[in-house]
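This report covers helix packing and ligand contacts. The sequence and structure come first.

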Amino acid sequence: MLKMTPQEIVSKLNLYIIGQKKAKRAIAIALRNRWRIFNLKKKSKKEIRPKNILMIGPTGVGKTEIARRLAKISNSPFIKVEATKFTEVGYVGKEIDSIIHDLADSTFNIIKKKNNNIKIKKISEKKIINILIKKIIKKKKIKNIKFIYKILIQKLHNGELNNKKIKINFKFKKIDFEIINYTNIKKTTNEIQKMFKNFYNIKNKEIKIKNAIKIITKEETLKLFKKNYKKKIINDIEQNGIVFIDEIDKICRSQNYNNNFEISREGVQRDLLSLVEGCTVLTKYGNINTDNILFIASGAFHSYKPSDLIPELQGRFPIQIKLKPLNIKDFKKILIEPKFSLIEQYKKLILTEGLNIEFTKCGIYNIAKSAFILNKTYENTGARRLHTILENLLEEISYNANKITNTKIIIDSKYVKKKIKIKTIKEDLNKFIL
Ligand SMILES: Nc1ncnc2c1ncn2[C@@H]1O[C@H](COP(=O)(O)OP(=O)(O)OP(=O)(O)O)[C@@H](O)[C@H]1O
Ligand SMILES: [Mg+2]
């Protein structure tokens, strides 16, 4: 269970997210509250539930970015879904429950990666070598088994034993294949499934060592999964899970609705409600209870208001935060301040070609200003505009970087103005700032 204090969470978020102080604080509190609930006595624990968050704000101001960073910082099982992708139970399409199934799968993959396959690899190799040694012992006496073991391991690593045959026993159930599929050890599952389509229990089957090692590795992964992973996945999701539901405003329904489309949106809200209220979803890892999962919903709410959601669902998102539109100052900061900021990313990429690009202060200011004006003039895409501007700005350099002989290029305001031609740039900026 995550022990980070709200201040620690906010200061970590500050490394990546510019502004949006209120949202960062609310999220930090929500996360800490979960830890607080976890530390309560059993009786009161049942009574208090995490308070879910609704983030409201225009596009490209950091709603998704905050949630994504939060998940990384806190190392929590995290899933981002789009509300519009779901249909209510009984209709064709994705059902709300799939959120928990997908969350469980991605958590499993992360846990698996962390637990590393090195241990499994070692165990599998040991098994193979032991079979080989037994075979040798049958034929002649060996004095120094350790020495033979070392040589065989080396040969195995060099691939010299790949095509030698050994006899192994193995036993897979049909359901194991399903789990193995999720362990996704390269493409071998398909091969193995094909090989053993009709029989999952093999005794004394003679196969090539390169195939035997694949099978034994899978067997060991499965053992580890059964022993450790299931519990870990369920505990981690139940205690630390975060579900981010984007575009929740798109499943709102108008007050005077009279078409099926809108009725169905309400159906999705009801399904979502049962998940948010707390229920148990049966996944292939076991039952997962959603009581303590933190739900963060987000939407622009251009055409609808949060009060257009069904009242029960509104009630389950008691913390409503409005995110602020970003101004030129924010854009300037977004360009340079976050860890791996946009500018840093481009600089690093181009440097691989031996070319330094340097941005002057005025250059950066002009990029920020252009983004702001373009957003006001055309569609407002928030900070996403910075991505498109930089792409245009550096297109030529990017295309030719490998053959540019200079070692340094300076991006100043002149360069920016030349590349980003904005008719309205000459207009009075105050008009937009007002
Ligand atoms: N406050 C911010 N600080 C740092 N970067 C930001 C901020 N807001 C947006 N960005 C940048 O803009 C990109 C888009 O932001 P994000 O995905 O969070 O938008 P959003 O608010 O979720 O918009 P939408 O409503 O369209 O989903 C991010 O990947 C990030 O690079
Ligand atoms: Mg988003």
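## Helix α6 against α10

α6 and α10 cross in a right-handed sense. The model is predicted. The two axes, those of α6 and of helix α10 (residues 209–240), come within 9 Å and cross at roughly 130°.

By class, the contact of α6 with α10 holds nine nonpolar, three polar and five charged residues.

## Helix α6 against α7

Helix α6 spans residues 118–139, and helix α7 spans residues 145–158. Their axes come within 10 Å and cross at roughly 125°. That angle makes α6 oblique to α7. The crossing of α6 and α7 is right-handed.

From α6, the contact uses E125, K126, I128, I129, N130, L132, I133, I136 and I137. From α7, I145, I148, Y149, L152, I153, L156 and H157 take part. The contact of α6 with α7 divides into 12 nonpolar, two polar and two charged residues.

## Helix α13 against α15

Another packed pair joins helix α13 (residues 328–336) and helix α15 (residues 361–377). Their axes lie 8 Å apart, at an angle of about 125°. α13 is thus oblique to α15. The crossing of α13 and α15 is right-handed.

α13 contributes I328, F331, K332, L335 and I336. α15 contributes I364, Y365, I367, A368, K369, A371, F372 and N375. In the contact of α13 with α15, 10 residues are nonpolar, one is polar and two are charged.

## Ligand 1

How many residues surround ligand 1? There are 16, and the closest are I18, T59, G60, K63 and T64.

A backbone N or O atom of G62 lies 3.1 Å from a nitrogen atom of ligand 1. In T64, an N or O atom of the side chain is 2.6 Å from an oxygen atom of ligand 1. T64 is also one of the closest residues to the ligand. For H387, a side-chain N or O atom sits 3.3 Å from an oxygen atom of ligand 1.

How values were computed. Residues numbered from 1 in each chain as written. Chains lettered and ligands numbered in written order. Predicted model: local features only at pLDDT ≥ 70, side-chain atom pairs only at ≥ 80, totals over all residues. Heavy atoms only, no water. Axes fitted to C-alpha atoms, helices over the stretch in contact; angles between N-to-C directions. Helix = DSSP H or I, 4+ residues; strand = E, 2+ residues; numbered from the N terminus. Parallel < 35°, antiparallel > 145°, perpendicular 65-115°, else oblique. Left-handed = near helix turned anticlockwise from the far one by under 90°. Contact = heavy atoms within 4.5 Å. Nonpolar A, V, L, I, M, F, W, Y, C, P; charged D, E, K, R; others polar. Near = heavy atom within 4 Å. Polar contact = N/O pair within 3.5 Å; in protein donor to acceptor, adjacent residues only side chain to side chain.
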